[in-house]
Amino acid sequence: MEIIMSVIIGFLFMAAVYLMLSRSLLRVIIGTGLLSHGAHLLILTMGGFGGAAPPVLTDGVTDFVDPLPQALILTAIVISFGVTAFFLVMAYRAYQELETDNMTLLKGNDEYD
Amino acid sequence: MVSVLLLFAPVAAALFVPFLARRVSSVHTGWFVLAVPLLLFIYYLGYLPEVSGGNVHIAELPWIPSYGISFVSYIDGLSLLFTLLITGIGSLVVLYSVFYLDKTKERLGNFYVYLLMFMTAMLGVVQSDNVISLYLFWELTSISSFLLIGYWYTRDRSRYGALKSMMITVFGGLMMLGGFILLYLMGGTFSIRELIGMTPELVQSPLFTWSLILVLLGAFTKSAQFPFYIWLPDAMEAPTPVSAYLHSATMVKAGLYLVARFTPIFAASDLWVWLVTSIGVLTLFWGSFFAVKQTDLKGILAFSTVSQLGLIMSLLGAAGAAYHVEGTAETMFKIAGFAAIFHLFNHAAFKGSLFMVAGIVDHEAGTRDIRKLGGLMALMPVSFTIALIGSLSMAGLPPFGGFLSKELFLTGMLSLRNFDLFAPASWGTVLLVVAWIASLFTFIYSLYFVFGTFTGKHKPEELPKNAHEAPAGMLVSPAILAFIVVAVFFIPNVIGKWIVKPAVAAVQPFLFDSPADVDVHVAAWHGGLTPELSMTIGIVAVGLILFWLLPKWQPFYGVVPEALSLNKLYDASMVLAEGGANRLSRSYMGGLIRNYLIYMFTGIVVIVLGSLVAKDAFAIKLDGLTPVGPAEIGLILVLLAAATTTLIARRRLTAIISLGAVGYTVALLFVVFKAPDLALTQLVIETVSVALFLLAFYHLPKMSRHDEKRRFRVGNAIVAGAVGLMMALLAMSSVSQRALPSISEFYKETVHSEAGGGNIVNVILVDYRGFDTLFEIAVLSIAAIGIIGMIRLRLTRKGDGHEKQ
């Protein structure tokens, strides 16, 4: 399972990087979304999938899944959500002010080099 | 201690100069400044008996004791000679500048602050025994020289000259610092005295040659040796007192000082001897050859300075040769050391006076162009006399000091023929011939300088001013120097005993234990026709003929390609460096985020994959893995499909929806992998995110609303594929080589007993690792405040002015 997940993570990263290199700002942000999914799954996979039960104390169960990666991912999800929301509103504002979402046009003015 | 503090006396005095210049405007500020070098000169004269007896005077002021860096004032014959030159000529230059610089038109405060700063720097250079403080003062001379050359900063030529001299001398200074650090690595001390003491060990080190070359680079750039002489002619844009002081008598001799000071160490290498001698002779020839071409009085003197510095440099090289030979040849090379110091002294005297005369002519006739000048002899008889004395001494004629040092120089060059220890024997003869031709040109430009200016036809219509004799105060300093020039001829052995021999003993400690051992006796007449004398007669005879024919052959200098002047090379390299750096940064700093991302991703991939390969870290282990279930397979297929749809979607809406699909699939994967809290959070957050995406999508501007076709870019695909591959390999390798067991056993065991909770993930978040959560809350708050700020704060642009600022 871990090996298959590694391949999936690689695929997600590939898709994310390809989108981040594109010209449309929205696609760049979609790329960052895919990248965080990939990263979260990576953390989970690195923790291993051993263990029979979710990490909640239940009578008679002793073999839990590793809880630490889950706590880390939870933190990461919330942070990446905050950053993504901020980016999206920033992109929205950029559309409003500059009336373009083309990254090539957003590179600034040669005059101010 | 006191003598270390005295080094800083000029700079301390400089603190009061701006105050005096502003408040006491009735008296020329120079009169107050004059006291500083004069008092120092008198004070240092008191050292003469002690030092000429072979004693040295050391004082130390610790600066950074933990690194062994301190200000050490080490006064032996060599540093005393330079100290006296600096303070003595400094006094005369200040006196001259009082009459040269106008009290009302010039910013005297600046001038004297820079000059006093320079004086401290120069005293520090020649008295420092610690190489680090020597370097400190060395750079201070470069900086104060820069400020003085650019004194009239509104002129383009001044700024160009200042910048050029700064670039070249600071380059040399940094090289020299490298040499000093190598010396420290070899010897373990910053003290020059101690380094000299351990010369035999230093020579064994493989770093020795490198430090030799680096220190020489410092000396050659400062002393305007070939090919670094090009800054000196451009430094002539400085006020004439500065040219007289810095660029003839003191600063340009700092390089000579450096060579002389380090001769006891580096002369142990034959490379040093040949390099110093050959470059010196080449510079001597080059400078004297191009001096005849100049039409500006200060230009002639600048090239003449270059040439004479080369002469002294070659003599110092020959003095180093004495390290290697014994017997009769040794006595010949003793003369070279003596000649170097003697000519250094003579040159400071006559070149200072000549510069001052050039300044007087400029001041009183309004131009320094030798083609417009002429026939000033009757109008300016005193200046003419001084110029004649200086020039004839420079040409090497009796009865002036230059004659004696020129004879000694020829002796030194003649003796080089016997020095065939390392190079082909004929090389010494080549040097001798070149030196003789250079002396010939020296003779010609000396006559050209004085007779071109003062004899011939007076052309009052071409002069901006009515030429007349300078005020007496202006003539005092050059007259004193001219008197010294004449006096040296008649009492050479007095000067030799008190000043030259102690310095020679410091330069050639391997020959002499004390100044009394320096058994060189200078005489104007050696009795009979010595080879030196016949060479001088040859110079005079051929020189007179060539000078007579000068108008005939001087135009041929126009034929000599300008490229030989090396200025073209310097300018071109500056343009190339500037333009090249500009083009280089423009070539990769395009402003497109995509390009920068490509650089970063490529960098990461190269580093990670490179270390995977180099360290042979890739591993894959198939046993002990979790078994694959059908639910996982199904979800993975959905995930792959959703991600692929995101990639190839033509419309943004499709891309956003499929991103949502990816998110929900990840949430389901969390369910499968037994992470209930993650699944909950992921579901909620994915929903909100997709809503936000749709908001941004809805507000797309009309103009770019049409969904352009996504072009497939091979380059992007390669980079993306490489990153994906890297991550997959990395993930496989790390999951296959787990080194340590997880620490989570602790959490599992203590979650109830210690924390009183049942949900381990939640207890970790708020109890075991509560700080993470605290700051994650902070992140969310900041994002929320930031979003409100972005939406609510609308600073409208006021016209277009905001943009154009």
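Tutor: Start with a definition. A salt bridge is a side-chain nitrogen of Lys or Arg within 4 Å of a carboxyl oxygen of Asp or Glu. Here R368(B) and D362(B) form one through their side chains, at 3.5 Å from N to O. Some ground rules come next. This is a predicted model, in which local features need pLDDT of at least 70, side-chain atom pairs count only at pLDDT 80 or more, and totals for chains, interfaces and linings use all residues. Residues are numbered from 1 along each chain as its sequence is written, chains are lettered from A and ligands numbered from 1 in the order in which they are written, and side-chain values use heavy atoms, with hydrogens and water left out.

Student: Are R368(B) and D362(B) buried or exposed?

Tutor: Buried means under 20%, exposed means over 50%, and partly exposed is in between (1.4 Å probe, protein chains only). R368(B) has 18%, so it is buried. D362(B) has 17% and is buried too.

Student: How many salt bridges does the structure hold over all chains?

Tutor: It holds 10. One of them pairs R157(B) with D234(B), at 2.7 Å from N to O.

Student: Which parts does that pair tie together?

Tutor: First, how elements are named. Helices (H or I, at least four residues) and strands (E, at least two) are DSSP runs, numbered from the N terminus. R157(B) sits in helix α9 (residues 156-187) of chain B and D234(B) in helix α13 (residues 231-234) of chain B, so the bridge ties together parts 77 residues apart in sequence. R157(B) is partly exposed, at 44% relative accessibility. D234(B) is buried, at 9%. There is also a network of salt bridges, which links R157(B), K164(B) and D234(B).

Student: What about a salt bridge inside one helix?

Tutor: Look at E745(B) and K748(B). Their closest N and O atoms are 3.3 Å apart. Both lie in helix α32 (residues 744-750) of chain B, and being 3 residues apart they are separated by about one helical turn. E745(B) is partly exposed, at 42% relative accessibility. K748(B) is buried, at 15%.

Student: How do I read the interface between the chains?

Tutor: The size of an interface is often given as the accessible area lost when the parts come together. Buried area is that loss (1.4 Å probe), summed over both parts. Chain B and chain A bury about 8,300 Å² between them, and 76% of it is on carbon and sulfur atoms. For residues, contact means heavy atoms within 4.5 Å. The interface takes 104 residues from chain B and 80 residues from chain A.

Student: How many salt bridges are there between chain B and chain A?

Tutor: The count is 0.

Student: Now the helices across the interface. What describes their packing?

Tutor: Two packed helices are described by the angle between their axes and the distance between the axes. Axes are lines fitted to C-alpha atoms, for helices over the stretch in contact, and angles run from 0 to 180 degrees between N-to-C directions. Angles under 35 degrees count as roughly parallel, over 145 as roughly antiparallel, 65 to 115 as roughly perpendicular and the rest as oblique. Helix α3 (residues 67-98) of chain A and helix α30 (residues 676-698) of chain B pack at about 5°, with axes 10 Å apart. That makes the two roughly parallel. Among the residues making the contact are I77(A), F81(A) and L88(A) of α3(A), and I685(B), S689(B) and L692(B) of α30(B).

Student: How do the residues of that contact divide by class?

Tutor: There are 14 nonpolar, 5 polar and 1 charged. Ala, Val, Leu, Ile, Met, Phe, Trp, Tyr, Cys and Pro count as nonpolar, Asp, Glu, Lys and Arg as charged, and the others, Gly among them, as polar. Take S689(B) in α30 of chain B. S689(B) is buried, at 10% relative accessible area. Leaving out residues up to four places away in sequence, S689(B) touches F81(A) and L88(A).

Student: What about helix α2 of chain A against α30(B)?

Tutor: Helix α2 (residues 25-47) of chain A packs on α30(B) at about 170°, with axes 11 Å apart. They are therefore roughly antiparallel. L26(A), I30(A) and L44(A) are among the α2(A) residues in the contact, and F693(B) is one of those from α30(B).

Key
Buried area is the accessible area (1.4 Å probe) that two parts lose on being put together, summed over both.
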